[in-house]
Each structure stands twice: as C-alpha cells, then as structure tokens.
Amino acid sequence: MSAKLGEILVRENLVTPHQLREALDYQRTSGGRLGSNLVKLGIVSDDVITAVLSRQYGVPSINLDLFHIEDEVIKLISQEVALKYTVLPISKVGATLTLAMADPTNVFAMDDIKFMTGFNVEPVIASEASIQMSVGKYYGGSNQIDIFDAAIAFETEKAAPKNGKNGNGHSKNGVKIAVKGSERLSEADLDVSLGSFEFENSDESNAEFELVQDNDEIDLATLAKASEDAPVVRLVNILMVDSLRRGASDIHVEPYEKDFRIRFRIDGVLYDVMHPPMKIRDPLISRLKIMAKLDISEKRLPQDGRIKIKVKIDERSRELDFRVSTLPTLFGEKVVLRLLDKDKLMLDMTKLGFEPESLEKFQRAIANPYGMVLVTGPTGSGKTNTLYSALQTLNTPETNIMTAEDPVEFNLQGINQVQMKEQIGLNFAAALRSFLRQDPNIILVGEIRDFETAEIAIKAALTGHLVLSTLHTNDAPSTISRLVNMGIEPFLVATSVNIIQAQRLIRRICAACKEEVHFPVEGLVEIGFSAEEAPSIKTFKGRGCEICLNTGYKGRVGLYEVMEVTDDLRELIIIGASAIELRRKAIELGMITLRGSGLCKLRDGITTVEEVVKETVL
C-alpha cells in the first residue's frame, strides 16, 4: 500500500521524489502509515491523501466534520476498537453499517467488527487525524460501551429492556449493547476530609437501602436447557475455532461483578477479545462444562476435564483437543481452556531454538542408557514440548518408554502414557513404583513435586533406566539445591543426574514487518554484550502489520540453559556447593546461560531486546 500510494503522489506531482524519500525514512524510524507521515511532515494535507486513497481503492471519501453521528450508531463499536483500527461508525441502514476507515484494505478490522456487531460493513475513507478527533469527540468522557452480537444472546433477552437511561439490557436492531458506568469523580466531588465528614443532606431516613445477598441456589434444569440454546452453542463454537485461527494457546472465560470477559493468550500474551452480556454467563460456562463432561451442579470446587471435537476449517478437517479447568471465584466460575494443537507440537529438536553446542550436550545426555535428565522452567515455558521431542528421538521398536503425566497433553504413538489420578491414589510415586515392574528402558515423570517421587526417580536412574522429568526452578544450577532441599543426599544427586536444562519462551519478531532499529551501544553492553562486540550488533523490531495483529511478534522460540553435570561439578555437588558456585563453574566449563541464549537470538535478529530482558537476568 505505502509504495503504491507514494508512486501515485509522485506521478500526480503532489510530492517530489525527495519528499517521498524523506517520508519513507521517517516511517522506518517512527512507524505508522505513509499518508499520515506525509501529513505530519507538512508535505501534503489530509484532504489530498484522502482523495488519492479514494481514487486508488474506488471507495468514497467523506469529511467527518460535516457529519453528526447518532449515539446508537456510536455505541455499536467500543472506543478501544475504534482506536485500535482507526475507524468510526457513521450510519446504520438495515443490516449494513457504514464505517469510516483510514485504511479501507484492513480486512481484519472489517471482519472483527462484522463479527462483533452482526452487521455487514461498508467502508468509506476518512483521514486518520479526523477519525482520531471524532473518536475523542464522540467517546471522550462518556461511558465505556461494550458491544455484543445479539445472535449470541439467548432468546429470553428479547424481553423489554430494563428501566433507566443507561441500564444494561438495551437491545436495538439486532445489536446487544451493554453500558458500564465509568464516569470519574473530580477532586471537587470528593471535597471531604477524614477528620470531619460533612453531608449536604443529613436526614438518613430519606435514603433507601437494599441488602444484596448472594443467591447460591441454581435451577439445574433451566441452566442445562439454556446451555443448549443455539446462540450459546454458536458462541462456544466460534470461540474455539477463532482461537485456533488466531494461534491462541488458551481461552480465559472470566466472570466479574459487573462484567464478563473472554481473553485469548497468543504467543504468551493475553488479549481481550469479547465482553458478552452478563445474562449469558451461566449458560456459556455450563455449556463448556457439559462439553468437558464436568458436573454443572458443582460450583464450589475446581474441576478438570477435556473437550475433543472435530471441525472443518478452511476446507480442512481438524481435530481440536481442549484441556478444561474450572475455578470458583468471587463472582462465578472462571474457565480456562488450553488448546492442545498437535500441528503445533514441534518434535524436531533442531527447530526448538537450541544453540548448536547446547543441543549437542542435550542429545548426548538423552543418548545415555541410564541417568536423569531434568528440564526446568515456569508453567508455559515449553518443557512438555522439549521432553516429547526427546522421547520422539528415542522412540524405537526396541525401546520400552513409559510416562506418568498430569495431564497427558498429547498422545504419542508407541509410548505407554499413564494419566495421574490423585483422588484414587495414582500419583507420580505410585506410578513410578509400578513402572519399575514393567521392564522399562526410559521413564518420563511429569513433575518431581516431593521427596518420595524424587527418591524413586533417582533410584531408577541409578539402576539402569533413563529418567526424564521436570521441576519448577529459576535456572539450571538452582535445581541441584532444590533436590537437596527436598531431602535427597548430595552424593545421590551428583551420581544420578546427567544434565539439567532451564528454558523460557520468548516471542519472535514478525518476519513480514521486521525492520532494523537503533539501540544505544551502552544499553547493549548493559544487557550483556561485550564492549567490543556491542557496536557491531544490529537490533530489530516488528513495525506491526495485519499478519501479526499489529503486535510486531509472530510465534515463539526457546531460550535454553544446558548444564551438563561433569566430574568437576559432581565434586562441587558432593561437598555441598551453593547454586552460585555451581553456576560460576558451569559457565567456566562452557555453559550458555538463559541470558546468553537470549543474546544469541539478538545476534541472529530473531527477537527484541525487550523480550530478552523481560524473560532473563544477568
């Protein structure tokens, strides 16, 4: 779009080639659209850019100053959406919504707004500056407005709206509008002191009070029926399919006192996607619990389940597998669905993000016939993916591999996987004891949580079995201290553990909008580069585009700290050396730390300085 617009402006003698180069240079450093940058630099006016874009795309242009937009039209789109996409709703006729856009080619914006409002979108062009001014004019200082497709609201909401100017429940022309009061009080409104409160009207008999009580009674038959209503079923289906299309790993369904929010976690970051009306809260949550085969009458205790569905997406049949967890909160049950997408499971270890020397150490450790391989890191750092990749490498017809997992995330052909069930006594320790009577070659323990599990795992590693497991520790050297603190003797740790690997996941720069940015040499030295190397380091970031949803990031890559337990380290472990001493020695022996791995990704232009600093420490 930018190059084409620039060519048209030069061809029509509206800008000179020199002015175009100046604007493009400014765009590379500051981001934004070429048209708005030309206006900022004073090279052309807003009207000229709007007229050229109108001719270029065959879309009408309008002057927003000449329009008065009705409140009911403005309320169709929230202020956040208007600012995010630089759009403004203009008018509504039948099932068509006319939308002023700075970029009429932004199909993601049109699709999102069509989904949120239930209207067909007809774009017109307006200048970016005029849209932003109009957003301030129509939304500034007013109530925050959330919209929701009426097709999602179940049929009982067809009744008349509540009384009051801003009451929730207004439904008009097929669009459900929920208004949340967000007016702010000024200091004058709060002109009181803690020492002496003064009230204008002290006659407390004039005030009316109503005691609000929690109603824990639920009509299960009504709730079950409502959860099967077509709009509720449709919303749940849309959420699941949309989460897959957007590359989300989790769906968060969160009830609050006066709000109901749905968020997606994409590349490790949560994004707001929807605020459905409060009346759909219980039916929607019940629908999810029914699909996961959970008890809809039990709202006081956490529950875990699984949803497996087959769906045809983009002419391709896909099997979606969701792990479902419910948690009672103050205002209802929060539900988190984790999408277990087999297509995203990376079983090729060379593509996970290992540095070559770290990968060589890890592959050497898992090739040993016995001993322990530990993978550490916080929840969501890719530990399961790493272990599954290792198992896939070791999975041959001659090998008996057994796993104890909680939960089993992916089914792997040729591997005996056991799901833990604490309520009947099947925990990691019990499963491990049973495994040792099943003639295993390789054992995977989902997590070492206590002394009993650690003790059995180490004994297995010392008696001719290769044991793979995970722990929650900050880095590789501190894992030794954690095992010793659990009660394992240092000499047992030293003789059983082959390798410890800590890992994190950081976001990749979007390849479609990647651009070089200047970063001070002093800053690069501060984060870990040497003074000699820092000046030669090129840093990059994503400008933001439709492919990466304007985040500048697309996908994730691992950072790995691989500590091979050599004889030198074993001696330190046996004499009770601290994690700091072990770390210092491991670095001397060539260990690449998490920060070091992050710096390698920076050298290769894979990620940004911000991502490395956020996930690692020096």
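## The sheet

Strand β2 (residues 96–101) pairs with β3 in the parallel sense over six bridges, where two strands count as paired if DSSP finds at least two bridges between them, and where helices (H or I, at least four residues) and strands (E, at least two) are DSSP runs numbered from the N terminus. Within β3, Glu122 is the bridge partner of Thr98.

This is a predicted model, in which local features need pLDDT of at least 70 and side-chain atom pairs count only at pLDDT 80 or more, while totals for chains, interfaces and linings use all residues. Residues are numbered from 1 along each chain as its sequence is written, and side-chain values use heavy atoms, with hydrogens and water left out.

The open sheet is formed by three strands in the order β1-β2-β3, with mixed pairing. Because β1 (87–93) and β3 (120–125) stand at the edges with a single partner strand each, one side of each is left without a neighbour in the sheet.

## Helices on the sheet

Helix α7 (residues 107–117) packs on the sheet and touches β1, β2 and β3, contact meaning heavy atoms within 4.5 Å. The direction of α7 makes about 140 degrees with that of β3; axes are lines fitted to C-alpha atoms, for helices over the stretch in contact, and angles run from 0 to 180 degrees between N-to-C directions. Helix α8 (residues 128–139) lies across β1 and β2, at about 70 degrees to β1.

## A helix pair

Helix α16 (residues 477–486) packs with helix α20 (residues 579–588) at an angle of about 145 degrees, their axes 8 Å apart. Pro477, Ser478, Ile480 and Ser481 in α16 meet Ala579, Leu582 and Arg583 in α20.
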